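Here is a short briefing on one protein chain. Look over the sequence and the model, then read the points by topic.

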Amino acid sequence: MANISDTDNMLSLLEQLMPPDVDDVTRKIADDFRRRRIEKSITRETLARKSGVALSNITRFEQKGLISLKNLILLAMALGYLTEIRDIFAAPKYSTMEELLQIRKNTGKKKAHTPRQ
């Protein structure tokens, strides 16, 4: 019979295998942002002045995870995370050899095309 620790471990493993929910991702980004802001002892008001992002937008982001891409970039710049956000899609990602070969084949192309059947 599995004990509670084993069950927790199995549930944790299953959670890692499931695709993340969009709301979970936005919440994590907002939580991490708030943590970094507080670690640097920057108030929302100071960050609003430094970044040019309205205080209400910073508050909404931290509380609900909602923000425009432009404002997210401005906040990242103000906290010193420009490189991390700028390079979010810089490196190709693949999980199979077939995907890697497709990426290599399409490197340098300007448009995607639907494969012919």
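Two residues are in contact when they have heavy atoms within 4.5 Å. On that basis, residues 24 or more positions apart account for 42% of the chain's contacts with a separation of 6 or more. This is a predicted model, in which local features need pLDDT of at least 70 and side-chain atom pairs count only at pLDDT 80 or more, while totals for chains, interfaces and linings use all residues. Residues are numbered from 1 along each chain as its sequence is written, and side-chain values use heavy atoms, with hydrogens and water left out.

**Overall form**

- The chain has seven helices and zero strands. Helices (H or I, at least four residues) and strands (E, at least two) are DSSP runs, numbered from the N terminus.
- Along the sequence, the pattern reads α-α-α-α-α-α-α.
- The chain has a radius of gyration of 20 Å, whereas a compact globule of 117 residues would have one near 13 Å. The radius is taken over C-alpha atoms, and the globule rule is 2.2 Å times the number of residues to the power 0.38.
- The C-alpha trace spans about 55 × 55 × 20 Å along its principal axes.

**Surface and burial**

- Of the 117 residues in the chain, 19% are buried. Buried means under 20% relative accessible area, exposed means over 50%, and partly exposed lies in between (1.4 Å probe, protein chains only).

**Largest pocket**

- The largest pocket holds about 430 Å³ of space. A pocket is an open set of points on a 1 Å grid over the protein atoms alone, where a 1.4 Å probe fits, with protein on both sides within 12 Å along at least five of seven lines. Grid points are joined across faces, edges and corners, and the volume is the space filled by probe spheres set on the points.
- The lining has 14 residues, and Ile29, Asp32, Leu72, Tyr81 and Ile85 lie nearest the pocket centre. Lining residues have an atom within 4 Å of a point.
- Helices α2 (22-39), α5 (69-79) and α6 (82-86) each give two or more residues to this lining. The largest share, six residues, comes from α2.
- By class, the lining has ten nonpolar, no polar and four charged residues. Ala, Val, Leu, Ile, Met, Phe, Trp, Tyr, Cys and Pro count as nonpolar, Asp, Glu, Lys and Arg as charged, and the others, Gly among them, as polar.

**Helix α4 and its packing**

- Helix α4 covers residues 55-64, and its buried residues are Asn57, Ile58, Thr59, Phe61 and Glu62.
- These buried residues pack against α2, α3 (44-51) and α5.
- Gly65 follows α4 and has a positive phi, near 75°.

- Asn57 sits in α4. Asn57 counts as buried because its relative accessibility is 19%.
- Beyond its neighbours within four places in sequence, Asn57 is in contact with Leu66 and Asn71.
- Asn71 belongs to α5 and is buried, at 14% relative accessible area.
- With neighbours within four places set aside, Asn71 is in contact with Val53 and Asn57.
- Asn71 and Asp8 are 63 residues apart along the chain, and their C-alpha atoms are separated by 38 Å.
- Arg37 lies in α2. At 7% relative accessibility, Arg37 is buried.
- Not counting residues up to four places away, Arg37 touches Ile42, Thr43, Arg44, Leu47, Glu62 and Leu79.

**A loop residue to check**

- Ser41 is in the loop between α2 and α3.
- Ser41 has a positive phi, near 55°, in a residue other than glycine. Most residues other than glycine have a negative phi.
- Ser41 is exposed, with 67% relative accessible area.
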